[in-house]
Number of protein chains: 2
Amino acid sequence: MQDSFSGLYARALAELKKNLPEFSWEQEQVPPGPIPVTNTTAASITGLIDHTALKPGTTAATIKQLCAEALDYHFYSVCVPPCRVQLAAGYLSGREVKVCTVIGFPHGTATKLVKVTEAVEAVARGADEVDMVLNLGALKERNLRLVWEEIQAVKEGIGPGRILKVILETSLLNEEEKVLAALIAVKAGADLVKTSTGFAGGGATVDDVTLLRRTVGSSVGVKASGGIRDLATALAMVRAGASRLGTSSGVQIARELTAR
Amino acid sequence: MQDSFSGLYARALAELKKNLPEFSWEQEQVPPGPIPVTNTTAASITGLIDHTALKPGTTAATIKQLCAEALDYHFYSVCVPPCRVQLAAGYLSGREVKVCTVIGFPHGTATKLVKVTEAVEAVARGADEVDMVLNLGALKERNLRLVWEEIQAVKEGIGPGRILKVILETSLLNEEEKVLAALIAVKAGADLVKTSTGFAGGGATVDDVTLLRRTVGSSVGVKASGGIRDLATALAMVRAGASRLGTSSGVQIARELTAR
């Protein structure tokens, strides 16, 4: 993979220098080898999970149950729709479980103004983390400035101390677009890059997580999401470099762990 | 169908009177019989089409082609993502084809503030019509006031002379919820009720269009959308009471018409 990755990375850097010349992209070096992933044991994997309920029509009762499960199983966070942030933040007030929501979700076709408004309102209502979908059309037509501006504006909007994840929707991107998107996200202030919304017909793959981890290096996180429904898949994602897992099967995964 | 419809309608009215007692729901009478639909001939059906390109990752080139096709085939409008409204409005400036976009799309889980902001920005950038997704979770837990407030606020936001369609996502609703949603939408100012986003795994059905048309009567429109890919389906929807058709297969439908 080294050779093809170097080529991809070089092509992405050339695009970035052309479209966003004011940044010094050179400082982003191709990592010299495999990135050492966190030494996550199976026992600690539940602490990486964003316990997720994002289906349209999700009710208050489901959010309540989600929060209770997150406390019981010590998941990292609950990931809820924007209209449920306040409810979840109420249930989790003063507790260790974080509140995460989604921005421009799941298509990423909202405008910058709307993404920023949604993110600012979310943190005002108690969100600790926001997962925004980048503008896929802009990425594909190499309007990289717009991609960068949206991410940067959301990062600025949520303020310091809150976490921004940028959803790339890898199943809709080619390899060069994945590298491009990840590099722009990091430069614009993303704390993690995230593979998938779970609503585009494709989820996280080991190959994509590996590619993203190599691209962003060790200082930025990688969230694998979409199609993670059992412990084996969760562990494979962590071994490939994921530092966070988005899944609605957290309870199933935790129970598999207990049964081992 | 008369009997079961009357029962559904009565149950929906009882819910509405309980949750939104300040409105006079009694004035909404069950229509005495089948609603006479517009006498749409096959030849005029293209004029009912919202020519649609809403997939994530849709590029500027696709929007340009969509607008050109809408002009060529005399479709009613183009329906584009929020981030493409300005582009489409530029192509169609001074022409008869309208610009339509989507709000809170496709999950309907954005907050009221975000839906209103998105709608206001859309009309400021040239949208003539907005198709908003209602809050499905709120509907399901019978938080009917929130459902009403969001629709009313978006209607107020877009101002007079612009068209509001409310997407019910019928494939995720039971029969009573469909009637409830349609009645709330009409009361809150919707100009049309719309069956589907096209992204929830189910689209328009003849039964749902018939039900919605009976529910809203003749003074409000019904837009059938999702899965309309040929002329026969388009005609069936119109015969069932649809006054607008949302489809990405408008060119195919127009060509079938020419071939007849």
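**View 1. A salt bridge joins E141(A) and R84(B).** Their side chains meet at 2.9 Å, N to O. A salt bridge here is a side-chain nitrogen of Lys or Arg within 4 Å of a carboxyl oxygen of Asp or Glu. Between chain A and chain B the count is two salt bridges. This is a predicted model: local features need pLDDT of at least 70, and side-chain atom pairs count only at pLDDT 80 or more, whereas totals for chains, interfaces and linings use all residues. Residues are numbered from 1 along each chain as its sequence is written, chains are lettered from A in the order in which they are written, and side-chain values use heavy atoms, with hydrogens and water left out.

**View 2. Chain A meets chain B through 30 residues on each side.** Contact means heavy atoms within 4.5 Å. About 2400 Å² is buried between the two chains; this is the accessible area (1.4 Å probe) lost on being put together, summed over both. Carbon and sulfur atoms give 66% of that area. On the chain A side, P56(A), H107(A) and T109(A) lose the most, together 24% of what that side buries.

**View 3. Chain A has ten helices and eight strands.** Helices (H or I, at least four residues) and strands (E, at least two) are DSSP runs, numbered from the N terminus. Its radius of gyration, taken over C-alpha atoms, is 17 Å, close to the 18 Å that the globule rule gives for 260 residues, so chain A is as compact as a globular protein of that length. That rule is 2.2 Å times the number of residues to the power 0.38.
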